[in-house]
Amino acid sequence: MRLRFGDCVFDPDTRQLVRAGHPVPVPPKVFELLDALIRERPRAVSKTALHEKLWPDTHVSDANLTNLVADLREALGDDAKSPRVIRTVQRFGYAFEAEATSEPETEPGADSVYRLVWGSREVTLREGSNVIGRDRDAVLWIDVYSVSRQHARITVAGEDATLEDLGSKNGTFLDGRPVQGAIAMKDGDVIRIGTVTMTLRRFDPVSTRTAGTR
């Protein structure tokens with residue numbers, strides 16, 4: 001369920017956080033922390049429970065959670081001294097306290113004009129962040145040894161799309177060139193992540209005709 005609070009929209013299904021109309025890059029652990037706090041709202045969640053949720057069967061110091069909360073507040077534009085979203089409960093944990101309202105669900109890809117073509121598969125890209133990788137929560141899940149869990153990201157903003165590598169082991173390439181930083185893409189661009197090759201296609205959102213064809 002999509003939730004709106006302040007100038008943010010949180011979508012757990014697409015794993016997106018949008019702030020002031022722009023997608024916000026959020027590391028997986030930070031996203032999981034926000035998801036956990038939202039699910040338990042307005043109840044406060046103990047540090048112990050958050051540790052078990054975020055680092056199951058792993059011992060980490062309290063500083064790890066403190067740093068995640070700081071990163072989350074930065075992503076949300078929240079102030080630790082005067083919090084509007086994430087409240088610190090002294091000697092206990094944290095709570096999500098912003099007033100949130102449900103956003104109506106939209107048909108997947110209704111506003112998107114981009115799709116990825118990989119062999120016989122065709123995946124519609126959503127507005128905002130689209131992660132590609134071996135993580136099952138990725139928009140395009142690729143279970144191939146040469147692909148990192150979160151390998152690359154395509155960000156769609158209206159009719160524009162950019163590609164960036166997410167620190168993958170085997171790199172991301174656009175039309176044979178290694179991707180460094182965010183690179184603008186166009187219809188027909190060939191993307192290679194690890195040993196997997198796919199093509200970006202841009203479609204007319206009204207007629208669903210491939211852009212540039214007649």
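Two strands count as paired if DSSP finds at least two bridges between them, and the strands themselves are DSSP runs of E with at least two residues, while helices are runs of H or I with at least four, both numbered from the N terminus. Welcome to this predicted model, in which local features need pLDDT of at least 70, side-chain atom pairs count only at pLDDT 80 or more, and totals for chains, interfaces and linings use all residues. Residues are numbered from 1 along each chain as its sequence is written, and side-chain values use heavy atoms, leaving out hydrogens and water.

**View 1. The whole chain.** Here you can find three helices and 19 strands in the protein chain. Of its 214 residues, 41% count as buried (under 20% relative accessible area with a 1.4 Å probe, protein chains only).

**View 2. The hairpin of S1 and S2.** Strand S1 (residues 3-5) pairs with S2 in the antiparallel sense, over three bridges. Look for Leu3, whose bridge partner in S2 is Phe10. Two residues lie between the strands of this hairpin, and Gly6 in the turn has a positive phi of about 60 degrees.

**View 3. Strand S2 and its next partner, S3.** S2 (residues 8-11) is covered on both faces: Cys8 and Phe10 are buried on one side, Val9 and Asp11 on the other. Strand S3 (residues 16-19) runs antiparallel to S2 and is joined to it by four bridges. Val9 stands opposite Val18 in S3. In this hairpin, four residues separate the strands, and Arg15 in the turn has a positive phi of about 55 degrees.

**View 4. Helices H1 and H3 crossing.** The axes of H1 (residues 28-40) and H3 (residues 62-76) come within 9 Å and cross at roughly 85 degrees; axes are lines fitted to C-alpha atoms, for helices over the stretch in contact, with angles from 0 to 180 degrees between N-to-C directions. The two helices are therefore roughly perpendicular (65 to 115 degrees). Lys29, Val30, Leu33, Leu34 and Leu37 of H1 meet Leu65, Leu68, Val69, Asp71, Leu72 and Leu76 of H3, where contact means heavy atoms within 4.5 Å. These residues divide into nine nonpolar, no polar and two charged.

**View 5. An open sheet of five strands.** The strand order is S12-S11-S13-S14-S17, with mixed pairing. S12 (140-141) and S17 (183-184) are the edge strands, each with a single partner, so one side of each has no neighbour in the sheet. S14 (residues 160-165) and S17 run antiparallel and are joined by two bridges; Thr162 has Ala184 in S17 as its bridge partner.

Conventions:
Angles under 35 degrees count as roughly parallel, over 145 as roughly antiparallel, 65 to 115 as roughly perpendicular and the rest as oblique. Ala, Val, Leu, Ile, Met, Phe, Trp, Tyr, Cys and Pro count as nonpolar, Asp, Glu, Lys and Arg as charged, and the others, Gly among them, as polar. Buried means under 20% relative accessible area, exposed over 50%, partly exposed in between (1.4 Å probe, protein chains only).
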